[in-house]
Amino acid sequence: MGRLLYPDLSGRVAIVTGGNTGLGYITVRELARKGARVYMLSRTESRALTAIEKIKGELGPDLQPEILYINFDLLSLKSAKKAAEEFIQREGRLDVLVNNAGIMATPYELSPDGIEIQACNGTGHFALTVTLLPLLKETAAMPDSHVRIVNVTSNGYLAAHTTTPDFSSLEGLNQKTWSTWVRYGLSKLTNILFTNELQKRLAESGTTNIYCLSIHPGVVATELARGMYQGPQQSWPFLAPMWVIIGMLVMSPDQGALTQLYAATSPEVEEKDLKAALLFPVAQLKGKTSIAEDKDGKLGGDFWALCEALMRQKA
């Protein structure tokens with residue numbers, strides 16, 4: 001798993017959303033390898049259980065990894081809240097939360113909650129995280145705790161700069177844009193804004209030892225990204241040689257997971273005080289654009305208030 005070293009995680013408990021494939025799969029596997037009890041939160045139980053058995057096979061007979069499943073649908077606020085409540089019933093601590101699940105570059109469509117489905121990258125993880133927050137705070141108050149909340153964003157958030165982000169209303173969140181990539185960028189911007197706002201609110205509540213980070217994993221060959229270059233390849237087969245070259249430049253899931261594993265576990269996060277930090281691969285601090293920095297807190301505050309209102313209505 002690359003050049004980064006991860007500490008022993010025995011006794012710690014972790015959640016990874018979307019853990020049955022791609023970056024999430026690698027993240028679950030490596031956290032379990034280091035001794036954490038890991039909960040895989042994803043939508044389809046059969047796929048999750050198959051992935052768990054595959055991970056156990058990859059880790060080998062000498063390890064006895066603890067990997068469990070809870071149903072979680074990113075598109076449903078009720079499902080996200082229910083998943084968090086089920087976890088709280090089953091566990092007395094939560095050390096690591098990796099909000100990894102994602103939807104990318106899909107046609108315009110509303111979820112059953114009436115939220116544009118890519119926007120659920122932000123709203124679904126808000127519902128999960130906020131419901132888990134009391135337990136995360138309790139864990140942070142325990143001796144020798146190292147609580148992390150990692151939100152997987154993307155450099156695709158830069159596409160949000162081609163429009164005017166408005167998270168003050170559902171209409172603003174659901175805005176139709178000239179490209180699906182702009183909607184994706186807006187959703188990835190909300191991941192960063194949520195990280196900023198969450199870190200600020202934790203400090204205001206007196207919890208200073210929970211570290212919230214946003215990370216861009218890089219361009220990774222996962223199910224999420226596959227359509228990004230397969231679609232054009234099928235449409236313009238004469239460009240096939242170019243797509244072969246692009247495929248060679250794309251990172252493997254093992255490489256792509258390095259930055260979120262670093263954010264979730266490395267002691268350097270605390271040593272360097274990487275609160276509300278944005279990391280790019282591999283584990284490098286990256287400056288935010290002014291919109292993502294959100295110095296006056298307007299965008300982040302609007303997004304938080306909107307998510308709270310949506311939860312009251314839908315969850």
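Residues are numbered from 1 along each chain as its sequence is written, and side-chain values use heavy atoms, with hydrogens and water left out. Because the model is predicted, local features need pLDDT of at least 70 and side-chain atom pairs count only at pLDDT 80 or more, while totals for chains, interfaces and linings use all residues.

The protein has 13 helices and eight strands, where helices (H or I, at least four residues) and strands (E, at least two) are DSSP runs numbered from the N terminus. Of its 315 residues, 57% count as buried, a term that stands for under 20% relative accessible area, with exposed meaning over 50% and partly exposed lying in between (1.4 Å probe, protein chains only). The protein exposes about 13600 Å², of which carbon and sulfur atoms supply 54%; such areas come from the Shrake-Rupley method with a 1.4 Å probe, and for residues only the protein chains shown count as cover. Among contacts (heavy atoms within 4.5 Å) between residues at least 6 apart in sequence, 76% join residues at least 24 apart.

The eight strands form an open sheet with mixed pairing, in the order E3-E2-E1-E4-E5-E6-E7-E8; two strands are taken to pair if DSSP finds at least two bridges between them. Strand E3 (66-71) and strand E8 (284-285) stand at the edges with a single partner strand each, so one side of each is left without a neighbour in the sheet. Strand E1 (residues 13-17) runs parallel to strand E2 (residues 37-42), to which five bridges join it, and in this pair Ile15 stands opposite Tyr39 of E2. E1 is also parallel to E4, with three bridges between them, and here Ala14 lies opposite Val96 of E4. E4 in turn pairs with E5 in the parallel sense over four bridges, with Val98 opposite Val150 of E5. Both faces of E4 are covered, since Val96 and Val98 on one side and Leu97 and Asn99 on the other are all buried.

Helix H4 (residues 120-140) packs on it, touching E1, E2, strand E4 (96-99), strand E5 (147-152) and strand E6 (210-215), and its direction makes about 165 degrees with that of E4. Such angles run from 0 to 180 degrees between N-to-C directions, the axes being lines fitted to C-alpha atoms, for helices over the stretch in contact. Helix H10 (residues 258-265) lies across E4, E5, E6 and strand E7 (277-280), running at about 155 degrees to E5. H4 bends by about 50 degrees at Leu133, and a proline, Pro134, follows within four residues; the bend is the angle between axes fitted to the seven residues ending at a position and the seven starting there. H4 is mostly covered, with 17 of its 21 residues buried.

The largest nonpolar core has 55 residues, and those with the most contacts inside it are Phe87, Leu128, Leu132 and Leu136. A nonpolar core is here a set of buried Ala, Val, Leu, Ile, Met, Phe, Trp, Tyr and Cys residues joined through side-chain atoms within 4.5 Å. H4 gives the most to this core, with nine residues. Leaving aside residues up to four places away in sequence, Leu128 touches Thr17, Leu41, Phe72, Ala80, Ala83, Ala84, Leu97 and Asn99.

The loops hold several details. In the loop between E4 and H4, Glu116 is buried, with a relative accessible area of 2%. Glu116 touches Tyr108, Glu109, Leu110, Asn174 and Arg183, not counting residues up to four places away in sequence, and its C-alpha atom is separated by 9.2 Å from that of Leu170, 54 residues apart along the chain. Asp144, in the loop between H4 and E5, has a phi near 55 degrees, a positive value in a residue other than glycine, and is exposed at 66% relative accessible area. Ala276, in the loop between helix H11 (268-271) and E7, likewise has a positive phi, near 60 degrees, but at 15% relative accessibility Ala276 counts as buried. Finally, a cis peptide bond with omega of about -10 degrees joins Pro281 and Val282, and Val282 has its place in the loop between E7 and E8.
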